[in-house]
Amino acid sequence: MTLRNVELDHSAAKTGTPLVNNSSNVTIEGNFRAVTGAHSWYGVNLGDRYGRATLTFAEGAAVSYESKAGEEKPFVYLELSTTKPGEAIVNPENGGLLLDPRERPVCGAQPPVRQLAGR
């Protein structure tokens with residue numbers, strides 16, 4: 001699946017996350033914006049519980065993320081059991097993203113992906 005010029009506004013949701021990918025190959029093209037609210041968990045959940053899942057950022061992708069909660073929440077949260085983070089997130093730098101190895105896993109999840117400073 002390709003998401004091109006998409007905005008996902010989850011700010012008024014009661015729970016969950018704007019985008020969940022548990023077994024698909026998703027490519028982000030153009031502008032992608034995710035907005036989370038007080039009850040959102042994070043911007044994107046990427047997991048391989050039901051099969052291989054990838055999130056690919058095409059060249060020229062422009063990613064923006066806003067958390068309207070009182071606390072910062074990760075943009076992408078990885079819940080991987082058989083896939084390495086570098087295989088699940090493809091070309092994160094194209095979207096201005098960085099897999100942050102300093103983050104501690106929560107609930108058995110891999111380190112989250114954060115937006116690069118200044119992007």
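How many helices and strands does the protein have? The protein has 1 helix and 10 strands. Keep in mind as you look around that this is a predicted model.

**Figure 1. The whole chain, read from start to finish.** Beginning at the N terminus, the elements follow the order β-β-β-β-β-β-β-α-β-β-β. The protein is made of 119 residues, and 45% of them count as buried. Now think about which residues touch. If you take the contacts between residues at least 6 apart in sequence, 77% of them join residues at least 24 apart. The close-ups below show some examples of partners that are separated along the chain.

Figure 2. Are the two partners buried or exposed? E29 counts as partly exposed, at 24% relative accessibility, while R4 counts as exposed, at 54%.

Figure 3. Start with R33 and E7, which form a salt bridge with their closest N and O atoms 3.6 Å apart. R33 belongs to strand β3 and E7 to strand β1, so the bridge connects parts that are 26 residues apart in sequence. R33 counts as partly exposed at 28% relative accessibility, and E7 counts as partly exposed at 48%. Next, look for E66, whose side chain meets that of R33 in a salt bridge of 2.6 Å, N to O. Because E66 lies in strand β6 and R33 in strand β3, this pair ties together parts that are 33 residues apart in sequence. Which residues do the shared partners join into one network? They are E7, R33 and E66. E66 is partly exposed too, with a relative accessible area of 30%.

**Figure 4. V6 and its contacts.** V6 is placed in strand β1 and is partly exposed, with a relative accessible area of 21%. Leaving aside residues up to four places away in sequence, V6 touches N31, F32 and R33.

Figure 5. The structure holds 4 aromatic pairs. One of them is formed by F32 and F75, an edge-to-face pair with 6.3 Å from centre to centre and 70° between the planes. F32 lies in strand β3, whereas F75 lies in the loop between β6 and β7, so the pair ties together parts that are 43 residues apart in sequence. F32 counts as buried at 2% relative accessibility, and F75 also counts as buried at 2%. Which residues do ring pairs link into a cluster? Look for F32, Y65 and F75.

**Figure 6. The largest nonpolar core.** This core has 21 residues, and those touching the most other members are I28, F32, L46, L55, F57, F75 and V76. Two or more residues come from each of β3, β4, β5, β6 and β7. The largest share, 4 residues, is given by β3. Zoom in on F57 to see its partners: not counting residues up to four places away in sequence, F57 touches I28, V63, F75, I89, V90, N91, P92, N94, G95 and L97.

Figure 7. Which phi value does N5 have? Phi of N5 is near 55°, a positive value in a residue other than glycine. N5 is found in strand β1 and counts as exposed at 51% relative accessibility. N91, which you saw among the residues touched by F57, also has phi near 55°. N91 lies in the loop between β8 and β9 and is partly exposed, with a relative accessible area of 35%.

Note on methods. Residues are numbered from 1 along each chain as its sequence is written. This is a predicted model: local features need pLDDT of at least 70, side-chain atom pairs count only at pLDDT 80 or more; totals for chains, interfaces and linings use all residues. Side-chain values use heavy atoms; hydrogens and water are left out. Buried means under 20% relative accessible area, exposed over 50%, partly exposed in between (1.4 Å probe, protein chains only). Contact means heavy atoms within 4.5 Å. Rings of Phe, Tyr and Trp (its six-membered ring) pair if their centres lie within 6.5 Å; planes under 30 degrees apart count as stacked, over 60 as edge-to-face and the rest as tilted. A nonpolar core is a set of buried Ala, Val, Leu, Ile, Met, Phe, Trp, Tyr and Cys residues joined through side-chain atoms within 4.5 Å. A salt bridge is a side-chain nitrogen of Lys or Arg within 4 Å of a carboxyl oxygen of Asp or Glu.
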